[in-house]
Amino acid sequence: EETADWTITVSLESGGVELAVDEYSAFSPNGDDRKDELPFSVNLLEPEGVDSWELEVRDPRMRNPVVRRVTGEAPVPKQGRFDGMDEEGEPLRDGTYEARMFVQYENGISVSSSVQEFVIDTEAPQAQLSVDTQPQSTPVDAPLVFGGTRKPELAIAAQIDPEVDWTAVIGTPGDEDIVVDLARQGFEGPEIGVEWDGTDLEGNEVPDGEYSLQLRATDNAGN
């Protein structure tokens, strides 16, 4: 008479799983090497007896909302990075997405994390800038030259995205640019305006020469 030995394991354990995205929760997968991926971390309360795991990404704007599944076998990674691509390797469109982690145990029990939202944003902050001499205006195609009795000031007007911090970068005839934090100087969007009389922040006259003006900003997604 033949007999067979069976090893039977009884496991009633399961653990919760916590998914956390990076603190900025916004990124821009546009290939500029600045926040191109979204870091995330996983905390599994019971790491033993895991069979498989799945990270699910959903677009709530779609009828079939699941746009990406990332799967693997045990062990569950403690950290990872999401590249912002769909199942076909194409970039996902800008917007708010939902991520959730599922863990399947060998005993058949499955657990899931709470939903974590994140934002894909590949659009740079927008600003419009206009300058003109005053009180006498300068024709559109003519160079802007001011400082005389008829054109003592330069009127600067801008429309900016108020959700981000802006700096004004003034290129000077010398080697060093002048960088001005607009918020610290009391300028808040969306519309700002100032008349420049040709002096620096300490009230000293700047040297004659050619100057340039740029507005710069970086949003939470790195654009």
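Colleague: How many positive and negative side chains does the chain have?
Modeller: The chain carries 15 positive and 49 negative side chains, and the centres of these two sets lie 5 Å apart. Here Lys and Arg count as positive and Asp and Glu as negative, while His and the chain ends are not counted. Each charge is placed at NZ of Lys, CZ of Arg, CG of Asp or CD of Glu.

Colleague: And what sort of model is this, and how are residues numbered?
Modeller: This is a predicted model, in which local features need pLDDT of at least 70 and side-chain atom pairs count only at pLDDT 80 or more, whereas totals for chains, interfaces and linings use all residues. Residues are numbered from 1 along each chain as its sequence is written, and side-chain values use heavy atoms, with hydrogens and water left out.

Colleague: How many helices and strands are there?
Modeller: There are zero helices and 15 strands in the chain; helices (H or I, at least four residues) and strands (E, at least two) are DSSP runs, numbered from the N terminus.

Colleague: What about its overall dimensions?
Modeller: The C-alpha trace spans about 115 × 35 × 25 Å along its principal axes. The radius of gyration of the chain is 28 Å, while a compact globule of 223 residues would have one near 17 Å; that radius is taken over C-alpha atoms, and the globule rule is 2.2 Å times the number of residues to the power 0.38.

Colleague: Switching to pairing, which strands does β9 pair with?
Modeller: Strand β9 (residues 116–120) pairs in the parallel sense with strand β2 (residues 26–27) over two bridges, and F27 stands opposite I120 in β9. Strand β7 (residues 95–105) runs antiparallel to β9 and is joined to β9 by five bridges, with A99 opposite Q116. Two strands pair if DSSP finds at least two bridges between them.

Colleague: Is E56 buried or exposed?
Modeller: E56, in strand β4 (residues 50–58), counts as buried because its relative accessibility is 8%. Buried means under 20% relative accessible area, exposed over 50%, and partly exposed in between, using a 1.4 Å probe and protein chains only.

Colleague: Which residues does E56 touch?
Modeller: Leaving aside residues up to four places away in sequence, E56 touches V66, R68, R69, E98, A99, R100 and F102, where contact means heavy atoms within 4.5 Å.

Colleague: And where is V42?
Modeller: V42 is in strand β3 (residues 38–44) and is buried too, at 9% relative accessibility. The C-alpha atoms of V42 and Q79 are separated by 6.0 Å, although these residues are 37 apart along the chain.
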